[in-house]
Amino acid sequence: MFITALTLTLAASWAPAQASNQGAYILQVDHLHTGNGPVLSPGKVLVRDGVIAEVGDAVSAKDVPILELHGHLSAGMIALGDTTILGQEGADATRFVLPEAESRFGFDPHTPALRRLCEQGITTVVLTPPSDALVAGRGLVAKTGSGRMLAKGQAMHVAFDAGMFEDTPDPTPGGMSGGGFFQFFGPNGSVTPNGYKSSYPGAARLLEDAVQTKGSQMSQLVGGGIRAWLRSDSRAETSRALAFAMRHKVQGTIEAGARVGELATQIQASGLGVALTVFRETNPIHATRSAVELAKAGVPFGFCLEARDRNAATLRLSAALCRRAGLSASNAWKALTFGAAQAVGLDGEIGTIAPGKDADFVLWDGDPNELTSRIERVWVDGKQVVQNTQTSQGGKQ
Amino acid sequence: MRFSLLRLSVLLALGLASPPTSAWSQTADASQNREALDPVVLGSVPTASAQEGEEKKPDAQDGQGEDKPKQDAKDGEGKDGDKEAKDKEAKDKDDKEAKDKSKKDNDKKDNDKKDKEEEPLEPLVLTELPGPVLFLKGERVIVRPGKVLENAQVLVRGGRIQNVGTDLVAPEGARVIEGKVICAAFLDPWSTLGVDVQSLRDGSGDASLQPMDAIDLYEPSWRRERALRAGVTLVESHVAINSGFSGTGVMLSTNPDLHDPEQAVVLKRTAMWARLERAGDVISRIEEVDNLVGKLKSGEDYLQSWSSYETKYTEWQKEITELQEKLEKDFKKAQKDREKDKEKADKDGKEFKEKRYKEPKPPRKPRFDADKEALGHVARGEMPLVVMATRAAVLRNLIEATSDFPALRLIIAGGDQAMHVAPLLVARNIPVMVWPADPLADGEAPVETSGTLSLAGDLARAGVSVLIGSGEGGSSDALPLYAALAVGYGMPEDHALAAITTRVAQAFDAQSEVGQVRRGRRAELLVMDGDPLSVGTQVQFVVSGGEVVVEPKE
Amino acid sequence: MKLLSNQLPLTLAALAGSVTLAVTFAAPAVAQEKQAIKAGTIITMDGAPIQNGVILMDGTRVLAVGPADQIEIPWDAEVTDAPDMVAMPGFVEAHTNSGIDRANETLDVTPFFDVQDSINPVDFYFEDCLRFGITTINVQQGNNTVIAAMGAVVKPWGMTVDAQLVMPQSGVKMSVSPKAGKSAATQAATLRQAFADLRSHLEQLVEEKRQGNDRAHREALAQGRDYEGEDAKGRAMTGKGWIVEGMELVPRVEVDEKMAPLLKVVEGRLTVYMYCGAPAQVRTALDIAKENGFLENMILVLGSGCFKAADQIAAAKVPVILDENLVFVEVDPITEEETRTFEAQVFKDKGIPFALTSRDSGMESLWYQAAMAVGQGLSREDALAAVTTVPAKLMGLENRVGVIKPGADANIVLYNGDPLSVRSQVQHVFIDGQKVYDRSNDPRLKHLFEGQRPPGTAPAQDAGSNVESSDGTGDKKDKE
Amino acid sequence: MMRPMKTLALAALLAGASDRASAQTEAKSSGASGSVYADVLYTSTGKTFENVLVTFQDGRITTITPGAKVDDQVPHGAALTAGMVDLSARVARSEASVEQTNEVEASLSVAGALDLFDPNWARLAATGVTTVLASPPDRNVVGGLSAILKTQGPTDIAERQLTGRSFLRGAMGDAPSSGNRPAWGAPNSIYNRRPTTRMGVEWEWRKAFIDAASAPDYPELEFPGADVFRAVLAGNVTLFVQAFTSIDIRTAVFLKEEMKREGFGDIQMWIDSGAEAWKDPQLLKRSNSGVVLPPFPADGYSGENSFMAWDVAKQMDELGIPFTLSAYGSFSLGSTLGDQAGRAMHGGLAFDKALAAVTLVPARVLGLEDRIGSVEVGKDADLVLWSGPPFELTSRVLAVWVSGTPVTQSSSATR
């Protein structure tokens with residue numbers, strides 16, 4: 001892009017510590033979309049130390065500066081299941097089961113990918129390791145504006161999809177010439193490590209053993225000791241993941257393919273949240289239907305986003321497509337904010353504008369639900385990190 | 001005459017056209033006059049006559065002056081006198097638009113000028129064509145971006161819009177459809193729908209290629225159906241997108257029930273498509289531009305050489321006929337001379353030799369070359385040239401290199417770095433077709449292009465005319481969403497809507513046929529329950545080719 | 001059928017007929033002998049089946065066919081008595097690439113080639129044909145082409161191509177479907193170009209001839225001698241799509257021989273077998289045919305799925321040859337719902353003449369396809385016609401093959417039951433009145449069918465006993 | 001009977017089911033109710049009835065009334081047979097259905113890898129196949145336990161599976177060794193493994209059996225899945241071995257006989273895809289093992305370049321060797337299980353024998369003859385309605401019921 005419409009006004013340091021050193025201030029806007037609550041017009045929100053202290057139409061506090069703004073203020077949006085930001089650093093291909101791995105050690109808080117998300121009003125992104133392992137370790141949740149990582153929500157990443165077998169191809173009989181031979185070097189230079197399994201049943205047994213080993217990391221999945229991120233794609237895989245979750249009373253999120261909607265009721269029963277797969281040109285019909293089904297069944301869900309490969313606007317576009325398929329405006333918005341937060345068990349911290357939650361805001365020049373609305377400012381943890389120079393507030397009275 | 005017959009025949013055999021409505025021969029006959037082309041290319045002769053009346057105007061009326069090709073100078077005037085229009089305009093602006101003045105600037109000017117021109121709208125006399133009679137009533141009828149009629153009606157008969165007004169009554173037996181908002185159906189200026197994939201990816205195409213033989217309307221039709229339901233009734237498609245020249249494109253209907261290209265294709269020639277940046281390194285990229293320009297030149301020369309041959313040939317014939325007359329006249333004498341010579345020869349005992357005979361040779365006929373022919377007409381501006389390019393350097397190079405073709409009508413497709421050359425684009429009235437690095441496209445879209453909808457906003461504010469297409473990775477059914485997103489990036493709302501309606505029509509010389517809710521136009525209409533670019537809006541009815549092709553789903 | 005109304009195929013057929021005659025007379029004296037077949041049932045494909053009837057034939061042709069009591073068998077006729085068997089005309093393969101060494105030529109436009117130069121008379125394929133009751137085969141070049149060789153109709157019997165030949169140059173093969181390395185767009189362009197070239201070539205010829213004559217005339221004037229203008233050696237052009245005026249000035253011999261077959265095509269004097277792999281290409285095929293005036297002498301060789309364009313085909317009144325996949329299976333990418341369409345039925349309903357073709361040379365050849373078609377709901381009559389009389393008519397050989405009637409080639413197949421039942425097998429095959437196949441003495445069949453036991457694995461007499469039992473069981477089945 | 005139950009429980013567990021597996025199966029057979037009328041009913045038990053009305057409730061056949069009146073309300077066809085059973089249905093399509101990282105993987109069940117959402121199940125059912133034995137693909141020597149299931153029913157594997165005999169699946173010949181290669185340097189691909197020859201394959205088999213048999217005395221020989229091998233030796237689990245060529249069949253039979261000779265146990269064995277069974281029938285006969293015949297190839301050549309005589313079914317029948325037919329679960333026109341029966345008849349097999357070979361015989365092999373395989377009161381309502389004489393090419397399947405539920409898959413929607 002040549003003249004980017006957005007300029008970032010960033011504090012000198014991104015260090016997480018900075019977030020808490022914010023002074024207090026009050027934002028006053030024409031319309032304040034609290035999220036699952038009412039729309040206050042006008043509305044005020046008191047921010048203290050990067051956290052929302054008070055919300056209402058008559059909020060006031062002593063010697064606290066009031067910033068009057070025009071437009072619509074909403075909570076920041078949440079992107080789920082991004083595997084691209086961590087990159088190879090997040091993927092350890094040497095073990096098939098590696099619960100000890102922690103993505104945060106491979107995470108670069110300064111990556112420009114975060115900035116692009118931030119410009120699009122996405123203030124929180126859930127990162128999952130791009131690994132083909134059965135158990136790839138703990139993912140992480142990061143704030144796009146600051147790179148701050150949320151202590152909660154480092155889910156254990158367990159695979160149920162065929163992705164984990166990609167290094168064990170079908171050796172067309174006489175396989176030397178067949179796929180098998182090329183896999184000798186692996187699909188992308190990778191090398192098939194020992195300990196890998198090549199089949200669903202094989203992987204399933206390995207998982208069972210791991211979970212049943214007393215005192216192991218994995219055993220904490222049972223009964224929701226630690227949250228799980230269950231990666232699946234086809235309906236069969238999703239239902240296997242569900243069976244696993246039910247069997248061991250696992251808490252967490254299930255990443256599922258476009259047709260997950262057909263399993264909505266079972267998922268509702270399992271108490272898991274859903275991360276809906278990235279929308280592709282070929283699957284919106286199923287994906288959007290699924291969104292409607294999940295909403296109907298009352299399953300919290302959000303959208304996945306591959307930030308490096310896809311325009312961050314995908315997130316809003318996905319929601320828009322769901323609207324077309326009949327998803328209500330409120331449910332569509334929910335999927336972008338606190339629905340997604342619930343899906344990853346962070347509904348206490350983010351997703352709405354309510355006291356006690358992180359001060360992640362987006363200021364729009366119109367209804368946040370409309371693609372035609374422009375993002376003017378973005379705050380993360382109470383700090384304004386984006387200001388759109390194109391429409392300076394001065395212009396509007 | 002024989003030679004032209006040959007020429008035509010070859011054209012015909014090349015599939016460029018069929019004799020009666022041979023595309024090129026048309027252009028030849030109706031030299032320079034492009035309007036005259038539309039009726040022919042678009043079929044439906046009856047309406048042609050009806051349009052003559054207003055045909056002169058549309059360029060001038062259909063707003064967005066700055067993006068007109070140079071030919072239509074009219075625009076320039078008229079504009080200045082429109083200042084006072086602003087305040088009057090302000091009144092009938094609804095609150096939504098009020099939100100942002102800057103968004104309206106472009107189109108305001110033309111609007112009331114049109115108001116004058118369009119009143120009164122006496123019904124268009126149409127010879128009855130097949131197709132139902134529809135009477136659409138809308139709270140708001142968006143005649144064209146920026147021009148709205150409150151509580152207006154649209155009368156559709158025989159596949160065409162017969163009349164638009166605020167006081168029309170439904171004729172006997174007309175089907176009456178009521179809705180909140182009525183507007184022209186969306187046009188995707190750059191899609192891949194409806195052509196067979198292999199031909200689409202073909203890298204061996206050239207200027208003479210025509211997609212008619214590659215249109216495949218039997219393939220699973222769900223993509224077209226989705227586009228139609230989203231209100232995109234017509235899309236521009238062409239083949240051989242990986243070739244230097246892809247040949248001309250067509251505009252075809254997304255109605256999945258149509259399987260015969262003859263029915264589905266409403267515009268047989270939209271534009272010539274070319275692609276740059278196929279090469280990896282800078283040098284060969286410069287070479288590519290040179291080639292493109294060189295080919296245009298040779299096309300021009302080619303047409304020249306034909307016309308000069310024609311003249312030479314007629315001259316030669318004249319000469320020969322005279323010669324022949326003379327010879328016939330002198331035949332008696334010649335006979336005598338011959339007798340004499342014979343006798344003389346006998347006497348001298350020499351054997352008799354005939355006189356040597358010489359005559360002027362006929363001029364050499366140029367070798368027929370369909371590609372050059374096609375490019376010649378492009379160079380003459382009889383059809384726009386859409387060039388797919390993204391790099392700033394390439395764009396600048398291209399724009400400068402093509403400056404010695406005054407008639408050439410250039411359109412940039414892609415243009416990721418077009419902001420670098422924005423002033424040039426404005427100066428030369430070169431529109432840019434922007435496509436989203438499609439968020440829904442399979443596979444990875446390079447990150448640099450992932451902002452191209454903000455590019456739409458930037459270009460628009462810089463005064464460049466922007467078209468929005470689904471492009472090579474996008475999906476037509478998301479077209480209105482792309483436009484909406486572009487607004488979110490600061491593109492004036494009317495401009496965004498125009499980018500998928502009127503401006504598309506203009507770019508492909510179809511402004512007299514599609515893109516607006518105006519009498520005489522093809523009936524490509526949408527009835528919806530809200531603002532065209534609003535996410536919550538559901539398209540209730542889609543009228544295409546004068547028929548209701550989408551009904552509200554229960 | 002409108003398409004074949006032009007008499008050319010007939011004339012050609014006649015011509016070919018004489019060829020065959022010549023051949024068969026040259027063949028062993030046996031050919032002269034009268035032969036009679038007494039069969040339990042005779043399916044003549046020319047009226048209702050005849051119960052225990054008689055077929056009387058000489059060396060080459062059927063002399064008479066009818067109920068036993070109406071036909072008197074000459075004392076000197078050799079009689080084949082098959083009271084338990086069903087007699088049928090041999091099946092007719094409407095279009096195949098089998099029997100030739102390589103099916104495709106890499107050059108784009110080669111109408112001047114001829115498959116006769118490629119047919120291999122000792123190819124196992126022809127042996128299989130006999131084994132499964134196919135007695136007439138239209139051998140055409142493969143589909144991976146633009147304009148291919150001229151094909152030939154042969155019978156699966158004879159040690160040389162001449163001996164096999166039923167009808168030379170039975171048509172020229174073309175394709176609107178992209179050959180390797182082309183796309184639909186470029187393929188069509190090449191095809192159109194070929195006819196454009198033909199046309200400009202002819203026009204060039206005429207133009208030169210004209211100018212030549214004029215110049216000669218003027219020279220004579222100048223020299224003062226009388227000019228005796230050459231009288232037309234050629235023949236006016238009779239194209240239906242376009243004609244080149246003045247062709248009569250050009251002796252046909254002067255037409256480039258590479259172009260000559262295409263000239264025949266545009267003049268409606270040579271059948272075109274146009275391969276059309278996908279419904280979208282049907283229109284292109286019909287357009288090119290219309291523009292160049294060979295719509296009436298074109299047969300569409302369809303790939304599966306083309307039934308979708310049946311309406312266009314019906315409107316153009318073009319007959320079709322269906323590919324071996326009788327049922328078109330389509331899975332909706334969104335709903336995953338599967339739609340199965342029995343294509344032959346569609347063409348039947350639209351009144352388009354269609355022929356079926358073999359899936360492979362052996363087990364799954366025409367009998368199998370016909371049976372399948374019945375299974376899918378086609379009437380028995382239509383199914384049988386699609387592998388006998390219809391293809392025969394497409395080739396313009398309706399009076400010679402695919403039927404048992406006086407004057408027709410004596411190509412008779414005897415089955416030990418209903419020809420379309422899995423319980424029946426071909427027992428005897430007569431071609432041109434000679435018994436050329438007898439199942440009880442088919443060495444390779446033992447290998448294929450009963451399976452030869454490797455020595456030492458089982459008592460030798462088993463093999464023998466097996467043969468009998470298999471025939472035996474076959475007969476028993478009939479009686480049940 | 002203890003050990004097999006244990007393995008089954010294990011199998012069920014791996015299938016993502018809990019102990020409810022077997023219980024579920026019984027409860028789950030409650031399908032729809034209805035009735036069907038046919039001109040002829042071929043029961044598979046040798047009996048045939050004419051103009052018969054068959055009614056069923058909760059997935060079980062309740063009445064069979066010959067000489068009944070035609071009723072327009074009831075679906076009507078020319079012939080009615082029991083639902084067909086394919087013992088080699090190859091429905092585990094995913095490459096990830098067999099654990100290739102281990103040569104001998106007896107303890108895993110393929111059940112955990114089946115995709116019951118796959119629309120192909122309905123397509124298969126529509127051809128008249130109502131029950132299949134699903135086995136792991138032969139990518140290693142011993143692939144694991146097979147699973148029995150109806151082609152239609154609940155999408156939860158635990159509920160779908162039937163409890164009959166259990167089968168240990170493995171292969172002789174090319175399949176297990178194809179694609180394998182010696183390691184260059186450190187092993188770094190799962191294909192760097194033995195065996196790469198028939199001999200190697202045979203050796204893996206024998207080693208597994210001997211180790212399993214001796215483990216009780218020599219614990220160090222114990223290996224995962226050894227109990228399954230012991231169950232096989234005890235005759236409680238059937239050994240299901242793929243062997244196309246006569247040499248592979250021989251190897252299998254010799255292995256079985258060796259185990260008996262050594263006193264390890266008497267193995268119940270079925271040969272899968274015994275294309276060349278006709279070459280050396282005496283072997284099969286004396287080892288009294290049965291054979292599943294692969295789909296009839298058009299040109300006579302079947303898998304691993306084995307030659308399949310067209311009358312092999314007839315020969316098996318004449319020699320009194322138990323056999324069934326298989327279509328490898330194909331649902332494409334002309335190669336369905338019904339068509340295979342037709343081809344067997346083309347090879348001279350009598351109709352009733354052909355019918356048995358795709359219904360009752362395989363039902364017995366699965367140990368489910370009391371539930372499926374024939375049309376009798378009290379049995380599952382797995383029914384196939386034909387437009388004409390079954391197995392003739394000129395007939396087609398009109399309708400199919402699986403456990404009383406009609407299969408909804410447009411078999412031939414002629415436009």
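Modeller: In chain B, of the contacts with a separation of 6 or more, 72% are between residues 24 or more positions apart. This is a predicted model, and what follows is read from its atoms. Chain B has 554 residues, of which 61% are buried. Its secondary structure comprises 20 helices and 17 strands.

Take the sheet of chain B to begin with. It is an open sheet of 6 strands, in the order 7-10-11-12-13-14, and the pairing is mixed. Strand 7 (245-248) and strand 14 (466-468) of chain B are the edge strands, each pairing on one side only. From one strand to the next, the twist averages 25°. In general, the strands of a sheet pair through backbone hydrogen bonds, and they do so in either a parallel or an antiparallel sense. For strand 7 and strand 10 (residues 272-275) of chain B the sense is antiparallel, with 3 bridges between them. Within this part of the sheet, B:Phe245 stands opposite B:Ala274, which belongs to strand 10 of chain B.

Next comes helix 13 of chain B, which covers residues 282-348 and contains B:Lys336. B:Lys336 has a relative accessible area of 52% and therefore counts as exposed, the cut-off being over 50%. Between the C-alpha atoms of B:Lys336 and B:Asn291 there are 63 Å, and the two residues are 45 residues apart along the chain. Chain B also holds a cluster of aromatic residues: ring pairs link B:Tyr302, B:Trp306, B:Tyr309, B:Tyr313 and B:Trp316.

Over all chains, a search of the whole structure gives 27 of them. Such a pair is described by the distance of the ring centres and the angle of the planes. One of the pairs is formed by A:Phe160 and A:Phe244; it is tilted, with 5.5 Å centre to centre and 55° between the planes. A:Phe160 sits in the loop between strand 13 (156-159) and helix 2 (179-183) of chain A, while A:Phe244 is in helix 4 (residues 235-248) of chain A, so the pair links distant parts of the chain, 84 residues apart. A:Phe160 counts as buried because its relative accessibility is 11%, and A:Phe244 is buried too, with a relative accessible area of 2%.

In chain C, C:Phe195 and C:Phe294 form a stacked pair, 5.3 Å centre to centre and with 25° between the planes. C:Phe195 is part of helix 4 (residues 184-223) of chain C, and C:Phe294 is in the loop between helix 6 (279-292) and strand 10 (298-302) of chain C, so this pair ties together parts 99 residues apart in sequence. Both C:Phe195 and C:Phe294 are buried.

Last, a helix contact in chain D. Helix 5 (residues 198-214) and helix 6 (residues 226-233) of chain D pack at an angle of about 90°, their axes 8 Å apart. The two helices of chain D are therefore roughly perpendicular. On the side of helix 5 of chain D, the contact involves D:Ala208, D:Phe209, D:Ala212 and D:Ala213, and these meet D:Ala226, D:Phe229, D:Arg230, D:Val232 and D:Leu233 in helix 6 of chain D. By class, the contact has 8 nonpolar residues, no polar ones and 1 charged residue.

How values were computed. Residues are numbered from 1 along each chain as its sequence is written. Chains are lettered from A and ligands numbered from 1 in the order in which they are written. This is a predicted model: local features need pLDDT of at least 70, side-chain atom pairs count only at pLDDT 80 or more; totals for chains, interfaces and linings use all residues. Side-chain values use heavy atoms; hydrogens and water are left out. Axes are lines fitted to C-alpha atoms, for helices over the stretch in contact, and angles run from 0 to 180 degrees between N-to-C directions. Helices (H or I, at least four residues) and strands (E, at least two) are DSSP runs, numbered from the N terminus. Angles under 35 degrees count as roughly parallel, over 145 as roughly antiparallel, 65 to 115 as roughly perpendicular and the rest as oblique. Contact means heavy atoms within 4.5 Å. Ala, Val, Leu, Ile, Met, Phe, Trp, Tyr, Cys and Pro count as nonpolar, Asp, Glu, Lys and Arg as charged, and the others, Gly among them, as polar. Two strands pair if DSSP finds at least two bridges between them. Rings of Phe, Tyr and Trp (its six-membered ring) pair if their centres lie within 6.5 Å; planes under 30 degrees apart count as stacked, over 60 as edge-to-face and the rest as tilted. Buried means under 20% relative accessible area, exposed over 50%, partly exposed in between (1.4 Å probe, protein chains only).
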